[in-house]
Amino acid sequence: MVKKHIDIDPIEAKEAILGYCKKKGALVAGVADLEALERIAPAGHRPSDLMPRVKSVISLGVGGQTQGAWTLPAKAMAFFGSTEGRAYTITYGLAFMIERKYLARSIYCPPDIDPELGSRVPLQSIKLHAELAGLGARSLAGDILLHPEYGYMYFASVFTELDLPPDKPMAENPCPAPSCTDMYRKTGQTPCMKFCPVQCLSGSIDEDGRQAEMHYDMAACAEMTQQYETLATVMAGAMNAETPEEREVMLHRPENKTLWYKMSVGSGGLLAQCFECMRVCPIATRAPLADPILRAQAALDQEDG
Amino acid sequence: MAETSFHKAFGVSEDMVAELGDQIFDLSHNHQTRRGDPVRELDWDAIEAGRVGMGLTDGEIAERLGLEVDQVTFIRTLVEGRRFHTGHYKRLYKLGGGKRYRPERETDK
């Protein structure tokens, strides 16, 4: 079969692709500069390591929690606080859409860990894709990306052999918010630093109110956000227990029984479970379009003119 | 600790884990320090200067320490597991709904 060729205007194609993302529920979408990505990402984690002929990396972001979610106890939020599944659904469909419409090979970029490297190293940095596409800027909260309008989002990426013009990173970083800078001047900590349950964040703000340094103890954060890592420790503890009674307690104590429940129902509640730094972040919770209520109010205001 | 068939397969001894484990852990992504905002600003010199602080890959650590990449991965993941404190997670159960973490209130059981 002879391969068909179609003429594609890259600017029109980009508009259609980003329009698709928004129509399907993304709040933001953009194209990361591939050359910059290849230069910044370490060997083994560059887009071309996954897809050798990649020409463009498309990134999108979906909204975080509802406004109501922030009022819940942390143990409830741990089950549904993250909304990344929606981002993955859109990118999965986008890869199909690009192949169908532009006959260019495309993939949904797996947001998962590199199976050769344990549980803490991803195949690709979805964050780096989003940052270079201009969808968010690194915060003092462990480099979680924040957006001045939408606050805290979840990101996903598509790689494609379709050549699209790239966007630029954000011109300004919304973090730290003025109120966080005030608190830092008085106490030496921002809210995200102060209220982290394992004190995994620290850093400094310069005289101009910009981030000077950000320190992130990712290993400590993992203890709160990556409960799947607990499983091996619990199993090893049970197998090494000195008495049957000790083994029984190890397997049946309430918090460990919860692990078996989560595994049996395939709960996403084994990862991304702690939101305490974002709960106290004024950008994540109070950016102008940070949640569905604020976005609906803004739409109503616009209708009113 | 006794050495396993996995230790042997990777040519790693428990002495090596004891000697290099902390260093490998600290050089990896487990601890990250960023100065300024170099990626957003596409400040190439600062990006290069900040690579060590942001955490090195196992390949980069191996090159620094004169080890095989597989040895670094083996030691790093072993140390990550040994340092993982399963008891901290329960702190979440008391938070939210208006309650914030206060270290002085903490009594880990």
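**Close-up views of a predicted two-chain model**

Strand β8 (residues 211-217) of chain A pairs with β1(B) in the antiparallel sense, over 5 bridges. The model is predicted.

**View 1. A sheet of 3 strands takes in both chains.** The strand order is β7(A)-β8(A)-β1(B). The sheet is open, and its pairing is antiparallel. Its edges are β7 (201-205) of chain A and β1 (31-35) of chain B, each of which pairs on one side only. On average, neighbouring strands are turned by 5° against each other, direction ignored. Strands of a sheet pair through backbone hydrogen bonds, either parallel or antiparallel. A:Y216 stands opposite B:Q32. A:H215 stands opposite B:T33. Both B:Q32 and B:T33 belong to β1(B).

**View 2. Helix α9 (residues 218-225) of chain A lies across strands from both chains.** The strands concerned are β8 of chain A and β1 of chain B. The helix runs at about 55° to β8(A).

**View 3. Chain A meets chain B through 47 residues of its own.** They are in contact with 35 residues of chain B. On the chain A side, the elements giving two or more residues are α2 (34-40), α4 (74-80), β4 (137-138), β8, α9 and α10 (228-239). β8(A) gives the most, with 6 residues. By residue class, this side of chain A divides into 27 nonpolar, 9 polar and 11 charged.

**View 4. Strand β1 (residues 28-32) of chain A is mostly covered.** How many of its 5 residues are buried? The count is 5 of 5. A:V28, A:G30 and A:A32 point one way from the strand. A:A29 and A:V31 point the other way. In a regular strand the side chains alternate between the two faces of the sheet. β1(A) pairs with strand β2 (residues 56-63) of chain A, in the antiparallel sense and over 5 bridges. Within this pair, A:A29 stands opposite A:L60 of β2(A).

**View 5. Chain A is built from 15 helices and 8 strands.** Its radius of gyration is 21 Å, close to the 19 Å that the globule rule gives for 305 residues, so chain A is as compact as a globular protein of that length. Along its principal axes, the C-alpha trace spans about 70 × 55 × 40 Å. Of the 305 residues, 43% count as buried. Among contacts between residues at least 6 apart in sequence, 71% join residues at least 24 apart. The domain assignment gives domain 1 (10-160) and domain 2 (227-270). The C-alpha centres of domain 1 and domain 2 lie 32 Å apart.

**View 6. A cis peptide bond joins A:C175 and A:P176.** Omega is about 5°. A:P176 lies in the loop between β6 (151-160) and α7 (178-187) of chain A. Most residues other than glycine have a negative phi, and most peptide bonds are trans.

**View 7. A:L103 has a positive phi, near 55°.** This leucine sits in the loop between α5 (84-102) and β3 (106-108) of chain A. A:L103 counts as partly exposed because it has 14 C-beta neighbours inside 10 Å.

**View 8. B:L42 has a positive phi, near 50°.** Its place is the loop between α3 (38-41) and α4 (44-49) of chain B. Is B:L42 buried, exposed or partly exposed? With 15 C-beta neighbours inside 10 Å, B:L42 counts as partly exposed.

Definitions and conventions:
Residues are numbered from 1 along each chain as its sequence is written. Chains are lettered from A and ligands numbered from 1 in the order in which they are written. This is a predicted model: local features need pLDDT of at least 70, side-chain atom pairs count only at pLDDT 80 or more; totals for chains, interfaces and linings use all residues. Domain bounds come from an automatic or database domain assignment. Two strands pair if DSSP finds at least two bridges between them. Helices (H or I, at least four residues) and strands (E, at least two) are DSSP runs, numbered from the N terminus. Axes are lines fitted to C-alpha atoms, for helices over the stretch in contact, and angles run from 0 to 180 degrees between N-to-C directions. Two residues are in contact if their C-beta atoms, placed from the backbone, lie within 7 Å. Ala, Val, Leu, Ile, Met, Phe, Trp, Tyr, Cys and Pro count as nonpolar, Asp, Glu, Lys and Arg as charged, and the others, Gly among them, as polar. The radius of gyration is taken over C-alpha atoms; the globule rule is 2.2 Å times the number of residues to the power 0.38. A residue is buried if 20 or more other C-beta atoms lie within 10 Å of its own, exposed if 12 or fewer, and partly exposed in between; C-beta atoms are placed from the backbone.
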